[in-house]
Amino acid sequence: MKPSTSSTLVNALRGLQICSPSPLRQIQLPLLRQSGVLSTAWAQQPKSFSTTAPVFGTWLEPDINRKKKMAKGRARVATGGSTKGTTVIWGDFGLRMTDKQRRISAKSLKVAEDTIKTRLRGQKYRIYKRKCCNVGVYVSGNEMRMGKGKGSFDHWATRMAVSQILFEVRGRIHEQVVRDAFRLAGNKLPGQWEFVKKGEAPVVGLTKLDGVTLEELKRPRRQIPPARILEEVGTAPSIAEAGSGGQPPASS
């Protein structure tokens with residue numbers, strides 16, 4: 001008589017034994033617990049490289065509601081002595097504006113980026129964009145009467161302040177090649193631009209902090225040192241000499 005399925009299962013269960021875990025299992029358990037603790041701590045730790053909320057979209061077209069009207073605004077002017085955005089940070093070379101603040105459209109930025117990529121084709125490099133288009137430009141039709149609204153959305157733009165860096169390049173490229181690429185890109189952009197290197201002095205407004213400190217710029221006027229005043233007084237002619245034409249008085 002063949003044993004039934006239930007009796008076979010009972011005999012198999014009776015043959016099982018409770019044994020200690022294998023040495024490999026003993027090594028893996030602490031590692032798994034430690035990795036779980038590290039992953040939890042890493043997830044709870046805030047990001048140290050950014051304190052702003054993430055904005056979806058590209059640097060030329062952000063994921064912002066176009067129907068929400070935006071003020072025209074003005075570009076930031078560093079009246080308090082700020083040097084933010086005036087030096088090269090990530091790359092080795094940069095392109096900086098030198099004339100005045102303005103608003104640059106996304107189309108112009110795209111053309112400038114394509115010009116740089118075309119000139120540096122075949123080279124090993126990386127390009128960094130320091131500005132992004134986050135300002136909507138709204139235009140109304142021609143011959144529109146006043147009071148008809150702000151107008152419809154036209155394009156995205158960015159506010160570019162004076163002496164700010166727009167593009168940075170880093171890679172195994174010769175300096176003259178990058179200079180030529182930035183020259184061509186500057187011709188496609190409005191305004192005047194200059195080529196800068198990493199490590200150059202920051203700029204406050206239009207003044208470079210090269211030998212001039214920020215405290216000296218904040219002073220209302222520069223004071224002449226006393227030693228210089230004494231030298232000028234000692235070399236100046238006296239009143240009697242000036243009246244006699246600079247000739248010494250004749251002796252009797």
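The side chains of R66 and E61 form a salt bridge, 2.4 Å from N to O. Here a salt bridge means a side-chain nitrogen of Lys or Arg within 4 Å of a carboxyl oxygen of Asp or Glu. R66 is partly exposed, with a relative accessible area of 36%. E61 is partly exposed too, at 41%. Buried means under 20% relative accessible area, exposed means over 50%, and partly exposed lies in between (1.4 Å probe, protein chains only).

This is a predicted model, in which local features need pLDDT of at least 70 and side-chain atom pairs count only at pLDDT 80 or more, while totals for chains, interfaces and linings use all residues. Residues are numbered from 1 along each chain as its sequence is written, and side-chain values use heavy atoms, with hydrogens and water left out.

Now the overall picture. The protein has seven helices and nine strands. These are DSSP runs, numbered from the N terminus: helices are H or I with at least four residues, strands are E with at least two. Of the 252 residues, 23% are buried. The protein exposes about 19,200 Å², and carbon and sulfur atoms supply 55% of that area. Accessible areas come from the Shrake-Rupley method with a 1.4 Å probe; for residues, only the protein chains shown count as cover. A contact means heavy atoms within 4.5 Å.

Next, the inside. Nonpolar side chains tend to be buried together in soluble globular proteins. A nonpolar core is a set of buried Ala, Val, Leu, Ile, Met, Phe, Trp, Tyr and Cys residues joined through side-chain atoms within 4.5 Å. The largest one here has 29 residues. L109, I116, F167, F182, L189 and W193 touch the most other members. Two or more residues come from each of β1 (93-97), α3 (106-119), β5 (152-160), β6 (165-171), α4 (175-188) and β7 (193-197). Helix α4 gives the most, with five residues. Look at F182. Leaving aside residues up to four places away in sequence, F182 touches F93, G94, L95, I116, F167, V169 and F195.

K110 and D114 lie four residues apart, about one turn of the helix. Their side chains meet in a salt bridge of 3.6 Å, N to O. K110 is partly exposed at 37% relative accessibility, and D114 at 32%.

What other salt bridges are there? The count comes to 12. One of them joins K197 and E175, at 3.1 Å from N to O. This pair links distant parts of the chain: K197 is in strand β7 and E175 in helix α4, 22 residues apart. K197 is partly exposed, at 32% relative accessibility. R96, E194 and K208 are linked in a network of salt bridges.

Finally, turn to strand β4, residues 135-139. It is mostly covered, with four of its five residues buried. Strand β4 runs antiparallel to β5, and five bridges join them. Strands pair if DSSP finds at least two bridges between them. Within this pairing, V137 stands opposite H155 in β5.
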